[in-house]
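Hi,

Here is the structure I promised to pass on. Have a look at it first, and my notes follow below.

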Amino acid sequence: MLARFITILNETSLPAPFRVFGALNVNARNFDVQLQLARDKQENGVRGFLTQPVLTAQAAENLKKARDTLDGKLLGGIIPIVSHRNAVFMNSEVSGITVDEGIIARYEGLDRAAGEDLAVEISLDAAKKIAPYVDGFYLITPFGRTGLMARIMEHMREEGLV
């Protein structure tokens, strides 16, 4: 496993050690298998996990379970959905991401500006829901929309999430 190899290098040769993180799919159908894989990763030197984006109640519950089970740091993934088409695509075509059907429906018929406003709202709501279970967040910028990300980060700051 690559994590074990890097851990050995950290102990023997690297002047500045790497912090090894791994993926945690909180959207997996059988999350208990994912937790076992995460424990195996920890045994091989992984010290933290980056989650898939949390866009369903089940993913939030799985994240809570991970917090109760794992020792390492957890960074919660936030990805803004910007349109109905984007929501449908992520839900059906992007492995490891599940979008709640209610979220998909909320984007129906929205123009770009309204879609971005909704993206801010949903992203902020997701961050609030997972904040008790994570040590921080990482944000995924859709389609180079840095202005949208700045809005989300500002709202997160105002809410005391960062």
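A word on terms before the notes: helices (H or I, at least four residues) and strands (E, at least two) are DSSP runs, numbered from the N terminus. Residues are numbered from 1 along each chain as its sequence is written. This is a predicted model, where local features need pLDDT of at least 70 and side-chain atom pairs count only at pLDDT 80 or more, while totals for chains, interfaces and linings use all residues.

Let's start with Gln 42, which sits in helix 2 (residues 31–43). Gln 42 is buried (under 20% relative accessible area; exposed is over 50%, partly exposed in between, with a 1.4 Å probe and protein chains only), at a relative accessible area of 14%. Leaving out residues up to four places away in sequence, Gln 42 touches Arg 47, Phe 49, Leu 70, Asp 71 and Gly 72, where contact means heavy atoms within 4.5 Å.

Then there's Phe 143, found in the loop between strand 4 (136–139) and helix 7 (146–158). Phe 143 counts as exposed, with 62% relative accessibility. Its phi is positive, about 55°, although Phe 143 is not a glycine. Most residues other than glycine have a negative phi.

Which side-chain classes line the largest pocket? The lining has 7 nonpolar, 1 polar and 5 charged residues. Here Ala, Val, Leu, Ile, Met, Phe, Trp, Tyr, Cys and Pro count as nonpolar, Asp, Glu, Lys and Arg as charged, and the others, Gly among them, as polar. A pocket is an open set of points on a 1 Å grid over the protein atoms alone, where a 1.4 Å probe fits, with protein on both sides within 12 Å along at least five of seven lines; lining residues have an atom within 4 Å of a point. Helix 6 gives the largest share of that lining, 5 residues.

Cheers

Notes: Heavy atoms only, no water.
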